[in-house]
Amino acid sequence: MFLSRHCIELRLKSIIHYLKAVEKNKNQHTHSLSSLWNTVDSVYAGEKVGAYKQATQLINELNRYDCKSDTFRYPIHNDNTRTNTAEFINIDVFYRTFRKLDVFLEGIEAELQNVNDIKTK
């Protein structure tokens, strides 16, 4: 689960790179998916309906469970409290949801990469 979440984080950072929004994001080294998505949202000029709104909900939900990228990486915090307080996570539902989000973000990333390639030619 950590690697799935990390994949989303890296995908968002790549989108921010293509949007040239890094300089606008003072906390570019964050692991917060919501913060990264807010940066994307503030600069992205594409259509923001349907799948985009679903992506916003999914990213915020992932961030709610793992805002610092440590919940699925470490079993306990430094103070010996559990990092993951969820009683049950349906891994099948998680995987299907993750794949939809990843494909959506991959589409945005590819679109921005193509625009960037055209601009540099």
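The largest nonpolar core of this predicted model has 21 residues, of which Ile8, Leu12, Ile15, Trp37, Val40, Leu101 and Leu105 touch the most other members. A nonpolar core here is a set of buried Ala, Val, Leu, Ile, Met, Phe, Trp, Tyr and Cys residues joined through side-chain atoms within 4.5 Å. Buried means under 20% relative accessible area, exposed over 50%, and partly exposed in between, with a 1.4 Å probe and protein chains only. The elements that give two or more residues to this core are α1, α2 (33-43), α3 and α4.

Some conventions apply throughout. Residues are numbered from 1 along each chain as its sequence is written. Because the model is predicted, local features need pLDDT of at least 70 and side-chain atom pairs count only at pLDDT 80 or more, while totals for chains, interfaces and linings use all residues; side-chain values use heavy atoms, with hydrogens and water left out.

The protein chain has four helices and zero strands, and from the N terminus on its elements run α-α-α-α. Helices (H or I, at least four residues) and strands (E, at least two) are DSSP runs, numbered from the N terminus. Taken along the principal axes, the C-alpha atoms fill a box of roughly 55 × 30 × 20 Å. Of the 121 residues in the chain, 37% are buried. Among contacts between residues at least 6 apart in sequence, 63% join residues at least 24 apart, where contact means heavy atoms within 4.5 Å.

As for confidence, the chain averages a pLDDT of 86, and 93% of the residues score at least 70. This score is the predictor's confidence in each residue, from 0 to 100. Among the elements, α1 has the highest mean pLDDT (92) and α3 the lowest (90). Where pLDDT is low, the predicted coordinates should not be read in detail.

The packing can be followed from Leu12, one of the core residues named above. Leaving out residues up to four places away in sequence, Leu12 touches Leu33, Leu36, Trp37, Val40, Ile59 and Leu105. In α2, the buried residues are Leu33, Ser34, Leu36, Trp37, Thr39 and Val40. These buried residues of α2 pack against α1, α3 and α4. An α-helix has 3.6 residues a turn, so residues three or four places apart point the same way.

Ser4 is in helix α1 and counts as buried because its relative accessibility is 17%. Beyond its neighbours up to four places away in sequence, Ser4 touches Phe94 and Phe98. Ser69 lies in the loop between α3 and α4, and its relative accessibility of 0% is why Ser69 counts as buried. Leaving aside neighbours within four places in sequence, Ser69 is in contact with Phe2, Arg5, Glu9 and His31.

Further along α4 is Ile108, which is buried, with a relative accessible area of 4%. Apart from residues up to four places away in sequence, Ile108 touches Ile15 and Tyr44. The C-alpha atoms of Ile108 and Tyr18 are separated by 9.9 Å, although the two residues are 90 residues apart along the chain. Tyr18 itself is in helix α1. From Tyr18 to Leu105 the separation is 87 residues in sequence and 12 Å in space, C-alpha to C-alpha. With residues up to four places away in sequence not counted, Tyr18 touches Glu109, Leu112, Gln113 and Asn116.

On a 1 Å grid over the protein atoms alone, a cavity is a set of points where a 1.4 Å probe fits but cannot get out, and a pocket is an open set with protein on both sides within 12 Å along at least five of seven lines; lining residues have an atom within 4 Å of a point. The volume of this second pocket is about 160 Å³. Grid points are joined across faces, edges and corners, and a volume is the space filled by probe spheres set on the points. Helix α4 gives the most to this lining, with five residues.

The largest pocket has a volume of about 330 Å³. Its lining has 15 residues, and the closest to its centre are Glu61, Leu62, Tyr65, Phe94 and Thr97. The elements that give two or more residues to this lining are α3 (51-65) and α4 (91-120).
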